[in-house]
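Dear colleague,

Please find below the sequence and the structure that I am handing over to you. My findings follow them.

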Amino acid sequence: MTKNFSFIGILSLIFAMFIWASSFIALKAAMQDVGPFTVIFLRMIIASLCFVYFIKSFLKYDFSKKDIKFILLLALFEPCLYFVFESKALQFTTASQAGMITSLMPIITAMAAGYFLKEIITKQIIFGSLIAMSGAIWLSLQGSSSFDAPNPLLGNFLELLAMICGAGYTITARYLSDKYSALFMTAIQVFIGAIFFTPLFLYEYFTSEIHISMKSFLWIAYLGVVVTLAGYGLYNYALTKIEASKAAIFVYLIPVFTLILAYFVLNEKLSILEFVACFVILLGVFISEFSISWFRKRR
């Protein structure tokens, strides 16, 4: 039975990573017509409507004060701060470069797990982290300015901040998964997210012109239903079956999926030097992944 659950958890993570990779494409496309906070707010509203039916079932939980603090922390990490940083990042950099920066999330998560969950951090993880970090810096410096990516260095830095929030979300979600279902955690994230982004949406509404085309609306609907509902639902479900440090490793798949999708959907291309920088990042995260697996097998 455990193996079946592990297999289901792995499949859930793979599909979640593919869906999250597509969010870079969808967000970049939607923001061509609509401001970033308007996109996120509408995304949260659409996702919230999907959970209204389940509110009654959520009331069965016995919420302690400590749990409430962690629930609020969960939503603060993601979607609140995460989407603030990521939406602004995609205004300055390309979807493919932002996708590559996500390679650093497993490393950040491993470090956080070592500190908060007392997991052992090996020398291989540290070595791999340094390689991946150098690749990320190189990728940022190689990024050239364009109409769609006016400041890649700033955009990639904002995406790095989003990854730090993502690591905090993973650690917190893993803690809450012992008591709360994946459905509840996903729902509370979008409910709080809708409230958080309301004033930001109103500010954007009154200070800029908003013209929502059918194309941008469909992208926003995709973000709200597929990316938020299915993506976070699958990831939160996987965290009930797999440890946080193991689940974070699957984030390595996002850059690969993002590059493929950006090539076919947005017609984005990377230079040879940017491909080399991407390889350096993947080499670093592969070393970190291998060291974790090797260490556990040796034990």
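**Overall architecture**

From the N terminus on, the elements of the protein run α-α-α-α-α-α-α-α-α-α-α-α-α. The secondary structure thus comes to 13 helices and zero strands, where helices (H or I, at least four residues) and strands (E, at least two) are DSSP runs, numbered from the N terminus. This is a predicted model, in which local features need pLDDT of at least 70 and side-chain atom pairs count only at pLDDT 80 or more, while totals for chains, interfaces and linings use all residues. Residues are numbered from 1 along each chain as its sequence is written, and side-chain values use heavy atoms, with hydrogens and water left out.

Of the 299 residues, 51% count as buried; buried means under 20% relative accessible area, exposed over 50%, and partly exposed in between (1.4 Å probe, protein chains only). The accessible surface comes to about 14,600 Å², and 72% of this area belongs to carbon and sulfur atoms. Accessible areas come from the Shrake-Rupley method with a 1.4 Å probe, and for residues only the protein chains shown count as cover. Among contacts with a separation of 6 or more, 92% are between residues 24 or more positions apart, a contact being heavy atoms within 4.5 Å.

Helix α1 spans residues 2-30 and includes Ile10. A nonpolar surface patch of about 510 Å² is formed by Phe7, Ile8, Ile10, Leu11, Ile14 and Phe15. Patches are made of residues with over 30% relative accessible area and no salt bridge, like charges being joined within 9 Å and nonpolar side chains (Val, Leu, Ile, Met, Phe, Trp, Tyr) within 5 Å. Ile10 counts as partly exposed because its relative accessibility is 34%.

Ala30, also in helix α1, counts as buried because its relative accessibility is 0%. Leaving aside neighbours within four places in sequence, Ala30 is in contact with Val39, Ser216, Trp219 and Ile220. The C-alpha atoms of Ala30 and Ser213 are 9.2 Å apart in space, although 183 residues separate them in sequence.

Ser216 belongs to helix α10 (residues 214-239) and is buried, at 0% relative accessibility. Beyond four places in sequence, Ser216 is in contact with Ala30, Asp33 and Val34. A polar atom of the Ser216 side chain lies 2.9 Å from the backbone oxygen of Ser213.

Ala247, in helix α11 (residues 244-249), is likewise buried, at 0% relative accessibility. Not counting residues up to four places away in sequence, Ala247 touches Leu13, Tyr235, Leu239 and Ile242. Ala247 and Leu13 are 234 residues apart in sequence and 7.2 Å apart C-alpha to C-alpha.

**Charged residues**

The count comes to one salt bridge, defined as a side-chain nitrogen of Lys or Arg within 4 Å of a carboxyl oxygen of Asp or Glu. Asp67 forms this bridge with Lys179, the closest N and O atoms being 2.7 Å apart. The pair links distant parts of the chain, 112 residues apart: Asp67 is in helix α4 (residues 65-92), and Lys179 is in the loop between α8 (152-176) and α9 (182-207). Asp67 is buried, at 7% relative accessibility, whereas Lys179 is partly exposed, at 39%.

Arg43, in helix α2 (residues 36-51), is buried yet has no salt bridge; the nearest side chain of opposite charge, Glu86, is 5.4 Å away. For charge, Lys and Arg count as positive and Asp and Glu as negative, while His and the chain ends are not counted. The side chains of Arg43 and Thr228 are joined by a polar contact of 2.7 Å. A polar contact is a pair of N or O atoms within 3.5 Å; within protein, one must be able to donate a hydrogen and the other to accept it, and residues adjacent in sequence count only if both atoms are side-chain atoms. Residues in contact with Arg43, beyond four places in sequence, include Phe83, Leu223 and Tyr232.

**Two further points**

The peptide bond from Glu78 to Pro79 is cis, with omega near 20°; Pro79 is in helix α4. Most peptide bonds are trans.

Ala132, in helix α7 (residues 123-142), is buried, at 0% relative accessibility.

Yours sincerely
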